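The paragraphs take up one topic after another.

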Amino acid sequence: MRRPLAAAVTAAVAALMVLGVDALPAQAVVTGVTTSGFEEPAIGTPVQEFGGGQYLEGWEVYPGTVDVVGQDYWQAADGAQSVDLNGSGPGGISQKFEVVPNEWYELRFSLAGNPEGGLAEKRLGVFVDGGYELYSFDTTGHSGSEMGYRTESLRWLADDADSEVIFRSFSQGPWGPVIDNVRFCVTSCEDQEVA
Ligand SMILES: [Ca+2]
Ligand SMILES: [Ca+2]
């Protein structure tokens, strides 16, 4: 669904440029960019597992368990911590964002994989407002000191007043897809990169 959406975003952005900023709704709740680097809580050990009912910077851990991993264990994409979406097994995180219906939003994140075991290809599903995108990351040739993070992106048109974003592992065992540096942006993250 990425390609048709991208074309539609281009059209939407063009329309916004024609309408001008004054035409934008005044009640926007998510403004600019919201970032999650999974830096809180700061773990005091190399790896700490989080499970049902626990939160990571507003993200609820569900289902299963995830691991927060410190940079002394393996590289983070930014800051000092990243998240292995498999704790002792496949897990996920979710968060609801208040949005403005009929506005475009973009989710960007850094993706890598736990290089320590399991199938080399780690699989991730990202669900937003009933749609989803599947991603995979091949850990072949990567290690804790060379995670090989790449940036992924997902765009969608908000259909009501909130958008629930779910990251969910589709890998088995304790070695999952690894994410970090999640950015939730109005319209586009392009001009809203955070150092
Ligand atoms: Ca981080
Ligand atoms: Ca793990």
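Is Glu152 buried, partly exposed or exposed? Glu152 is partly exposed, because 17 other C-beta atoms lie within 10 Å, where a residue counts as buried with 20 or more other C-beta atoms within 10 Å of its own, as exposed with 12 or fewer and as partly exposed in between, the C-beta atoms being placed from the backbone. The model is a predicted one, in which local features need pLDDT of at least 70 and side-chain atom pairs count only at pLDDT 80 or more, whereas totals for chains, interfaces and linings use all residues. Residues are numbered from 1 along each chain as its sequence is written, and chains are lettered from A and ligands numbered from 1 in the order in which they are written.

Glu152 belongs to strand S11, residues 150-157, strands being DSSP runs of E with at least two residues and helices runs of H or I with at least four, numbered from the N terminus. Leaving out residues up to four places away in sequence, Glu152 touches Arg108, Phe109, Leu111 and Tyr135, a contact being a pair of residues whose C-beta atoms, placed from the backbone, lie within 7 Å. Tyr135 is 17 residues from Glu152 along the chain, and their C-alpha atoms are separated by 8.6 Å.

The chain as a whole holds one helix and 13 strands. Six strands form an open sheet in the order S3-S4-S7-S12-S9-S10, with antiparallel pairing, two strands being paired if DSSP finds at least two bridges between them. Strand S3 (55-56) and strand S10 (131-138) stand at the edges with a single partner strand each, so one side of each has no neighbour in the sheet. Strand S9 (residues 121-128) is joined to S10 by eight bridges, and Arg123 stands opposite Ser136 in S10.

The largest nonpolar core has 37 residues, and Val83, Tyr105, Leu111 and Ile179 have the most contacts inside it; such a core is a set of buried Ala, Val, Leu, Ile, Met, Phe, Trp, Tyr and Cys residues joined through C-beta atoms within 7 Å. Among the strands that each supply at least two residues of this core are S9, S11 and strand S13 (177-186). Tyr105, its neighbours within four places in sequence aside, is in contact with residues including Arg155, Trp156 and Phe184. Of the 195 residues of the chain, 35% count as buried.

Notes: Contact = placed C-beta atoms within 7 Å.
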